[in-house]
Amino acid sequence: MNKIMQYVEEKIEPILRHGEKIGRMMLFLVYNKDCTAYDYAYVYDFEIYYEGNRHKGYGTHALLETVYQYGRVYVFPSNPNSEKLYARLGKQITIEDCPDALKTAYKECGTGYLISIGGKE
């Protein structure tokens with residue numbers, strides 16, 4: 001097994017409104033070196049499908065649930081709306097703050113954010 005892949009799990013989470021799927025979040029869950037717990041999650045794709053469901057808090061709720069579940073979530077904005085959301089929920093990071101595995105994503109976007117809760121920084 002690839003050494004990097006042994007510590008990473010890919011997951012696709014539905015974003016729901018009253019039980020109806022209105023979007024999806026795609027993420028990588030990165031384990032600690034001992035594979036005993038998650039170190040952080042990296043959301044690499046995030047979408048609310050229809051304009052009528054956007055700007056109503058569903059994305060915020062989904063991201064915060066992910067943070068509560070995994071402790072630290074790294075995100076890299078792909079458009080102005082996602083950047084506003086990430087800036088509101090997290091702190092902007094520099095490339096030096098970024099885990100090595102995410103430096104390429106940071107370089108592609110030019111910025112990144114860490115969303116964390118519970119002092120896990």
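Predicted model: local features only at pLDDT ≥ 70, side-chain atom pairs only at ≥ 80, totals over all residues.
User: Why is Thr 111 called buried?

Analyst: Buried means under 20% relative accessible area, exposed over 50%, and partly exposed in between (1.4 Å probe, protein chains only). Thr 111 has 8% relative accessibility, so Thr 111 counts as buried. Thr 111 lies in the loop between H3 and E6. Helices (H or I, at least four residues) and strands (E, at least two) are DSSP runs, numbered from the N terminus.

User: What does Thr 111 touch, leaving out residues up to four places away in sequence?

Analyst: Contact means heavy atoms within 4.5 Å. By that rule, Thr 111 touches Phe 76, Pro 77, Glu 83, Gln 92 and Tyr 106.

User: What makes the pairing of the Thr 111 and Gln 92 side chains a polar contact?

Analyst: A polar contact is a pair of N or O atoms within 3.5 Å; within protein, one must be able to donate a hydrogen and the other to accept it, and residues adjacent in sequence count only if both atoms are side-chain atoms. The distance between the side chains of Thr 111 and Gln 92 is 2.5 Å, so the pair falls within the 3.5 Å limit.

User: Why is Ser 78 called exposed?

Analyst: Ser 78 has a relative accessible area of 67%, so Ser 78 is exposed. Ser 78 lies in the loop between E4 and H2. The C-alpha atoms of Ser 78 and Glu 108 are 9.4 Å apart, although the two residues are 30 residues apart along the chain.

User: How do you know that the buried residues of H2 line one face of the helix?

Analyst: Helix H2 covers residues 80–89, and its buried residues are Ser 82, Leu 85 and Tyr 86. Seen down the axis of H2, these fall within an arc of 95°, so they line one face. The arc is that of the directions from the helix axis to the C-beta atoms. The face turned away from the buried side carries the exposed residues Pro 80, Lys 84 and Arg 88.

User: What covers the buried residues of H2?

Analyst: The cover includes strand E3 (38–48), helix H1 (58–70), strand E4 (72–75) and strand E6 (112–116). At the start of H2, a side-chain oxygen of Asn 79 reaches to within 3.0 Å of the backbone nitrogen of Asn 81.

User: Where does Thr 66 lie, and why is Thr 66 called buried?

Analyst: Thr 66 lies in helix H1. Its relative accessible area is 6%, so Thr 66 is buried. A polar atom of the Thr 66 side chain lies 2.9 Å from the backbone oxygen of Ala 62. Not counting residues up to four places away in sequence, Thr 66 touches Met 25, Leu 27, Gly 71 and Val 73.

User: Why is Leu 64 called partly exposed?

Analyst: Leu 64, also found in helix H1, has a relative accessible area of 25%, so Leu 64 is partly exposed.

User: What makes the phi of His 18 worth a remark?

Analyst: Most residues other than glycine have a negative phi. His 18 has a positive phi of about 50° although it is not a glycine. His 18 lies in the loop between strand E1 (8–17) and strand E2 (20–31). With 81% relative accessibility, His 18 counts as exposed. Cys 35 also has a positive phi, of about 60°, and is not a glycine.

User: How many residues line the largest pocket, and which are the closest to its centre?

Analyst: The largest pocket holds about 670 Å³ of space. Of its 27 lining residues, Phe 46, Asn 79, Asn 81, Ser 82 and Leu 85 are the closest to the centre. On a 1 Å grid over the protein atoms alone, a pocket is an open set of points where a 1.4 Å probe fits, with protein on both sides within 12 Å along at least five of seven lines; lining residues have an atom within 4 Å of a point. The largest share of the lining, seven residues, comes from E3.

Technical notes: Residues numbered from 1 in each chain as written. Heavy atoms only, no water. Points joined across faces, edges and corners; volume = space filled by probe spheres on them.
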